[in-house]
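Please read them alongside the coordinates.

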Amino acid sequence: MIKHLISDKGRFYKANLHSHSTVSDGELTPEQMKKMYTEQGYSIIAFTDHCRFVTHNELTDESFLALNGVENAADETGKSWMHNRCCDICFIALSSDRILHPMQDENNVTGNGEYAAYNPSYCSEDINRMIAHGVKNGFFVTYNHPTWSLENFERYMSYSGMHAMEIFNTSSAIDGYNEYNPDIYDDMLRGGKRIYCLATDDNHNRAPGTKHWDSFGGFTMIKSPSLKYEDVTAALLNGDFYASRGAVINALWLDTDDCTVHIECEKAKKIICTRGGRRLRAVYAEEQKTEYLDHVYFSINKDDVYFRFTVIDENGNTADTNAYFIDSLGIDLDRDGIFVE
């Protein structure tokens, strides 16, 4: 029996789920961002300006979806900006008519859907309260750029309730931060957090035409039956997506008869299966005496706890799947798994 881990229904839509426009500190208007991103094959942008929730439903048409959102932050006090830690969280509304800013005074609202900023203190209790409020009020909640934020294991492991974390953030990476964060994702997974991973731009577009141009570096490929707002956000909640810096995944499924997980991709040179323990394995195209890998499968067992895949293409670009926990798959694993090439 085949169990699709990424839905086999619909098609993949290319999305940037963290962005900044002239509504806050970005250089481009939402309209300019739509034009620029659609020209590069994107169908979805989540507009997540700093501390201001402004809807952009007027930008949505049959080939483009504007997701409404906001990025809020909790900043450490008593230190200079160069040294203070922070926790940045994006909130993406799960329906197009939702305009409630997480953690705001519901009586403090203007006629155009804007809300006053809420500034939580830099403590886990306040940050977790902010996350919980967003989830309760119908938002998809993501934890952003932990390296840029100067956060460490103790800090990010103290947060709970978010839907996803950024495994890659373009804006931070181009400035020199090591913001491809598979190790932090595994820290969180092995610490008991069952969350998804995203690749985003976090674009501000301050340096067009230079190496610091922060668009088109990381994106999320969302498998949805349509480009309707609620279909796309349902796909986010279901985990029907993968994070990419350019590599392509076409399908991911579990064969429950022999407990093997299959991944189909394009022009891969290497595919890694990461697990909850030390039983990681990598497959190389060269070792398989083929130019590229396009279909690899691995067996799993209950000791794996979870598994996820990283695809690396001929240019060194990555694509990362979400993690799948063995106890949530609805199968009985009594035997030891054996890696299958």
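1. Strands β11 and β12 make a hairpin with 4 residues between them, and Cys259 in the turn has a positive phi of about 55°. Helices (H or I, at least four residues) and strands (E, at least two) are DSSP runs, numbered from the N terminus. The model is predicted: local features need pLDDT of at least 70, side-chain atom pairs count only at pLDDT 80 or more, and totals for chains, interfaces and linings use all residues. Residues are numbered from 1 along each chain as its sequence is written, and side-chain values use heavy atoms, with hydrogens and water left out.

2. The pairing of β11 with β12 (residues 260-275) is antiparallel, over 7 bridges; two strands pair if DSSP finds at least two bridges between them. Ala251 has Glu264 in β12 as its bridge partner.

3. Strand β1 (residues 2-4) also runs antiparallel to β11, joined by 3 bridges. Here Lys3 is opposite Leu254 of β11.

4. Strand β11 (residues 248-255) is largely enclosed by the rest of the structure, because 6 of its 8 residues are buried (under 20% relative accessible area; exposed is over 50%, partly exposed in between; 1.4 Å probe, protein chains only).
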